[in-house]
Amino acid sequence: MSTAFAHEARTTSMNRDDLDLNEYEPRMNRPVRIKIADFQREERPKHVIVSDQFDEETLEEMAGTADMIRMLAKTRQGHSFLLNLLPHKRAMLYFTQPSTRTFLSFMAACQILGITCNEVRDPSTSSEEKGESRFDSIRTFSSYFDVIIMRSVLSRFAECCAYLMNDLEDFNHRSIPIVNAGSGADEHPTQALLDIYTLQRTFKFESTIDSRRTMSYESLRRNPQYAGLTRGLSGKVYGFCGDIGRGRTVRSLANLLSLYRDVTMVFVSPDHPKLSLKPDLEQKLLNRNVRLHQVDSFEEQIDGQPVIEMLDALYMTRIQREHDDPNDAGAYQGIDFRKYCLTTEMVARMKDYAAILHPFPRDKNFGEIPPEIDNDHRAMYFRQARNGMWIRAAVLASLFGVDRQISRYFQSEYTERHDYNEDVL
Amino acid sequence: MSTAFAHEARTTSMNRDDLDLNEYEPRMNRPVRIKIADFQREERPKHVIVSDQFDEETLEEMAGTADMIRMLAKTRQGHSFLLNLLPHKRAMLYFTQPSTRTFLSFMAACQILGITCNEVRDPSTSSEEKGESRFDSIRTFSSYFDVIIMRSVLSRFAECCAYLMNDLEDFNHRSIPIVNAGSGADEHPTQALLDIYTLQRTFKFESTIDSRRTMSYESLRRNPQYAGLTRGLSGKVYGFCGDIGRGRTVRSLANLLSLYRDVTMVFVSPDHPKLSLKPDLEQKLLNRNVRLHQVDSFEEQIDGQPVIEMLDALYMTRIQREHDDPNDAGAYQGIDFRKYCLTTEMVARMKDYAAILHPFPRDKNFGEIPPEIDNDHRAMYFRQARNGMWIRAAVLASLFGVDRQISRYFQSEYTERHDYNEDVL
Amino acid sequence: MSTAFAHEARTTSMNRDDLDLNEYEPRMNRPVRIKIADFQREERPKHVIVSDQFDEETLEEMAGTADMIRMLAKTRQGHSFLLNLLPHKRAMLYFTQPSTRTFLSFMAACQILGITCNEVRDPSTSSEEKGESRFDSIRTFSSYFDVIIMRSVLSRFAECCAYLMNDLEDFNHRSIPIVNAGSGADEHPTQALLDIYTLQRTFKFESTIDSRRTMSYESLRRNPQYAGLTRGLSGKVYGFCGDIGRGRTVRSLANLLSLYRDVTMVFVSPDHPKLSLKPDLEQKLLNRNVRLHQVDSFEEQIDGQPVIEMLDALYMTRIQREHDDPNDAGAYQGIDFRKYCLTTEMVARMKDYAAILHPFPRDKNFGEIPPEIDNDHRAMYFRQARNGMWIRAAVLASLFGVDRQISRYFQSEYTERHDYNEDVL
């Protein structure tokens, strides 16, 4: 591990202070099951660092909070209640790895709850140029702000910052929550939350905008083809297509989906070790009793049915060419990448209620999802982006302990109006 | 048109996704009179795209709203009312063409109404580097925010975004207003609004800080020289000086002024096709019965009077050297550009109540308005900047439909205090 | 002086508009005692430009306001009171010299009082590229915003802006306060305020987190070694170590400390004219009856006691290598810079209640304060950063005249709870 870090530091041209991360290595090297205790306080998240810290119950609670926030935000009065929850909190968005989408989504999430946002996006702040260590910067941020939402090219930097905060707390110093908004090739836990949340809404079969417009759950089930259809994430077939090997969002989502019962996953990717399912994730999923298939085309058959026709949800990804290794150029030339692009014909063959997701941005040059598909009712990827804002607001509400307050207010205001129209969005 | 776009895309080194604009070409190519219906809803602006969408009545209404906002903002209580109008709205300021002044003015305008601001200013966001199309970016912004205020080097990009939003609305997707804060060499509608607003305030002859300090409207009219003086924008002589040909602010302002009756316009510019009045604008103004003069000096006489002495308002501009074509260098060397710079002597010869405007920034090297003139009572250009903030707040109030609420509140609080002192600013 | 400016303009590659500063030279050249009247209004700060404008009484008042703000911010109700003090005010943070720490500290300070923040950080804004003068930019900012907090590489630019605002006021134009957040090598008045504030809190001997945890003032005084210990900044021994010659924070702090009675200062620096105490500051301190020592090591003895053991407070600084002159390289090679770095052994020999300060950032490569010292109870430098936020909030409260309102509210809410626990932070 020490060597891995040293290597990463070298290849990403980090200077020697990043090697200070080594101080935290013994803690980083513990099994994840042990580590996650450090990110929780009384069974609630104290920091948000890895997707593994969420269990099924927490996922359902977070989705519930997100649902309440989005419904409250539809009325002037509810919005006003939300804005007055955390006006005294100031967030630092420390994004040294560029990311417009995640950045804006967190900004909006903060603003919904009245949190004031501040940002540092330049990878080399002026202080660091004067020789300041990264941990001095973080501790300085913690002097002025009440939460640090951070994205870094360096794997596990967010994890180390969480340990720093825990140490400060032990010494009775000021300490604040750390939220990992993507670190290195490793983890992007809130992206996994928003993907799960989008699936949760789809498979509730309640809102007409989150699933098949023209057909209710009852009418779907009257269709013999969908007779066994159930609500919820369990018992579903999930497809993942594209850059499986290098996609941290695929990794985190598959990880969380494996918490549910009776799950099938089909990974559709070129048969190349860099692009297909990594052995460690494969093993983890198998250990959790996921039924797992790896194919190199949507047309391959499983139990006599083409993959494209059996999916309940499809998670598309772009091929991350920016991570290509020149040594693989030869092997990649032999791959027919068009097989990992959707067409309107393929979408028409998908289940009527199936959801198409994509972590975005999609690549207009590669065309994994051509714009013609955007108006198909199965296309969930723009709603997915907006879901990201709501679930991140739920994460922040939970970190600052106002989720129960939201729940109480919601119950008191909305219980009688059971038929509240969710579709206005 | 297709060719024009392809050319623009090439010369501004745009990549092929900008050619997606072509999809909107049939709509862009319609006559402006037809198009503007797409930017309105129930005779109110739904998007703000071109200055042509404002008629005289709307201009007067906007000015009225701006006046009320600025007066409310003078008291703690009024300010508090304004701040609570739109605290649940989040704006995206998407400024890929740099502009400090317009940017800050819109920021301040949002803040006055309690709108939270977010910004993307880097022309190449990280998502676009990953192959995202511009329209995916815009639609993503529309997922998180409630209005997009945008400035782009690409002509008509804002117009296309308005069409995108209209299409989304037709498909029952989330759709938000688009505000054009300057696109290409084409249009800058809110600049035109602020120029008009400054003239409206000047020619109300009410506030002592917006026009002649030492003389009331009545005393002005007792002066035989100004006997025919009337209130309002009609019946006035407007001068435009400097870079007429390349100034989009001149274009938009002249366009709006031509809505008023009995208007004279004098264009003072070097006699060179790149710098003088463009034939298409000339034709449009003539069609609207503007009395139009083109001269190459303030000393030229019209009806026996030097231009400088006959103007009711003078709109100065800087020569946009950054748009110079090397081929014109020879022709430009023969021009005496000093003639397009004001001096204190010239200002002293202007009508006592005349207003000097400038869209700013002025060029200290060229010196079209030397700082000595700043303290002359005719200098309106700094007040003009502040007017921009108020009129933009009025535009946002109108887009979000709170202008009538402002009006009702204002009436109830301020009607008895008719003599409210406006001069505190 | 004229020459000095011309030189600075040349060496910092400023263009000719910076020479406009010359217009203000007669005012800049007045003795500071005369000048400061221009920055005050009715004995209160109207602008914050130089540390000399604060006298002992103002320093105590500011600290009192900062104390009240930090205590109010601990409760939801108090925080809400603060947020509603200045929600109608908009600040411009104009930081053309990069500074993450000061910038964020001011942002947070504004946000505590409900002030909305806007920023311009790019040294060359788009308007300036179009030929706009700096003073036009400043005046434009003053059109949209209610205070300008500025940091510039150009010495005294903030001072000139204050004169510009005063002139505008004289002409009955809009005028707003200017806050100097660091200008050139010259002044950084709010840094001096936060240093003083940290010392004020330390030498109050009240809060257990601002001074010796395990020992009260009474028990300290029972220790024969500390028998003469008194509360307050008077009668103390202050050490300054490192880059004395080029540190503007040292300059401003020493200046303010000299306002107190019976003060001893020990400057520990290499014996080189660029790095040691400048003659002008030495003279000023002597004129104010400071007992002054210059040594080149903590081990040097004064009255038979090593410096390190006699200090009540120690102000460490980093060596500003970025300002090194290549001509001095030879001389610097002969210096043993390690003598200007603290070690845990040295800290252990310091007085038990002594405070270690540092303006930050510290230099991890130079190591003037190694991280091992961070958990020593004498280490005040992280609390100092947070103090900066509170004292800046106090400065803003004073500029906008709400400090008395804070005081009244605090008295009414907190007087009975004399034992309010400050230590929660």
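**Entry 1: a residue pair in chain C**

I began with C:F240 and found that it stands opposite C:Y315 in β12(C). I note here that the model is predicted. I then looked up the strands concerned: β7 (residues 237–241) and β12 (residues 313–316) of chain C pair in the parallel sense, and I recorded four bridges between them.

**Entry 2: the sheet**

I next asked in what order the strands of this open sheet of chain C are arranged. The order is β9-β8-β7-β12-β13, five strands with parallel pairing. Strands of a sheet pair through backbone hydrogen bonds, in either the parallel or the antiparallel sense. At the edges of the chain C sheet I found β9 (291–295) and β13 (355–357); each has a single partner strand, so one side of each is left without a neighbour in the sheet. I noted an average twist of 15° from one strand to the next.

**Entry 3: helices lying across the sheet**

I looked up two helices of chain C. Helix α12 (residues 248–257) lies across β7, β8 (264–268) and β12 of chain C, and runs at about 170° to β7(C). Helix α10 (residues 189–202) of chain C lies across β12 and β13, and its angle to β13(C) is about 165°.

**Entry 4: the contact of chain A with chain C**

I recorded 22 residues of chain A in contact with 25 residues of chain C. On the chain A side, β4 (116–120), α7 (126–129) and α8 (134–144) each supply at least two residues. I noted that α8(A) gives the most, with five residues. By class, I listed five nonpolar, ten polar and seven charged residues on this side of chain A.

**Entry 5: the contact of chain B with chain C**

I turned to chain B, of which 25 residues are in contact with 22 residues of chain C. I found that the elements giving two or more residues to the chain B side are α5 (76–83), α6 (100–112) and α17 (381–399). Which element of chain B gives the most to the side that touches chain C? I recorded α6(B), with seven residues. I divided this side of chain B into eleven nonpolar, seven polar and seven charged residues.

Conventions:
Residues are numbered from 1 along each chain as its sequence is written. Chains are lettered from A and ligands numbered from 1 in the order in which they are written. This is a predicted model: local features need pLDDT of at least 70, side-chain atom pairs count only at pLDDT 80 or more; totals for chains, interfaces and linings use all residues. Two residues are in contact if their C-beta atoms, placed from the backbone, lie within 7 Å. Ala, Val, Leu, Ile, Met, Phe, Trp, Tyr, Cys and Pro count as nonpolar, Asp, Glu, Lys and Arg as charged, and the others, Gly among them, as polar. Two strands pair if DSSP finds at least two bridges between them. Axes are lines fitted to C-alpha atoms, for helices over the stretch in contact, and angles run from 0 to 180 degrees between N-to-C directions.
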